[in-house]
Amino acid sequence: MVRKGHFLLLLLGALLGSPLAAATVSFMVVETGLPVEAGANQYSGLWESGLLDVFFEAGHIVSNAPVLRLYEKSMEEFPEEAREELNGAVEGGAEYFILAMLDYDAANLQKPRNISLRLFRTNPYKKLYEQQYADQASRTLKDEYDNLKKVARGLVSHLNDR
């Protein structure tokens, strides 16, 4: 009986002594280069779902802002049009904010020509990581989804960057 008590005490100590790794992460997909009248793009939904899935599966608390469509590509590190969503995420307790910038070309409105993933810490505000992604190989949507999840997993490792 004493051994069982020691084991439970040791187990409880280990659980309480180990830090929790869960972070609160908010996402936003920003589309550029699509006409205003164009409907929702499947790749925007694919990236939104993929990011949410990967970070949730990694044990983080996730939320997302609605997809934002900009008329032209922003030259700013963080587009001013997305600032309200960032502020809302910060007020909601988000520790990190991820922008997936999907840049479409007039020649191909179905698939983005370039994707920029930007990871920001919210307090204090700082860009921690940015990755450019361009994969124009034709493949099935399932293959695309699996590939983008691999890319998103790479972002998870940068959450603790300083």
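Glu 31 is buried, with a relative accessible area of 3%; buried means under 20% relative accessible area, exposed over 50% and partly exposed in between, for a 1.4 Å probe and protein chains only. The model is predicted: local features need pLDDT of at least 70, side-chain atom pairs count only at pLDDT 80 or more, and totals for chains, interfaces and linings use all residues. Residues are numbered from 1 along each chain as its sequence is written, and side-chain values use heavy atoms, with hydrogens and water left out.

Glu 31 belongs to strand E1 (residues 24-32). Helices (H or I, at least four residues) and strands (E, at least two) are DSSP runs, numbered from the N terminus. The side chains of Glu 31 and Ser 44 are joined by a polar contact of 2.3 Å; such a contact is a pair of N or O atoms within 3.5 Å, one able to donate a hydrogen and the other to accept it within protein, and residues adjacent in sequence count only if both atoms are side-chain atoms.

The protein has 4 helices and 6 strands, and 40% of its 162 residues count as buried. Two of the helices are described below.

| Pair | Axis distance | Crossing angle |
|---|---|---|
| H2 (residues 42-57) and H4 (residues 141-156) | within 9 Å | roughly 50° |

That angle makes H2 oblique to H4. Angles under 35 degrees count as roughly parallel, over 145 as roughly antiparallel, 65 to 115 as roughly perpendicular and the rest as oblique. Axes are lines fitted to C-alpha atoms, for helices over the stretch in contact, and angles run from 0 to 180 degrees between N-to-C directions.
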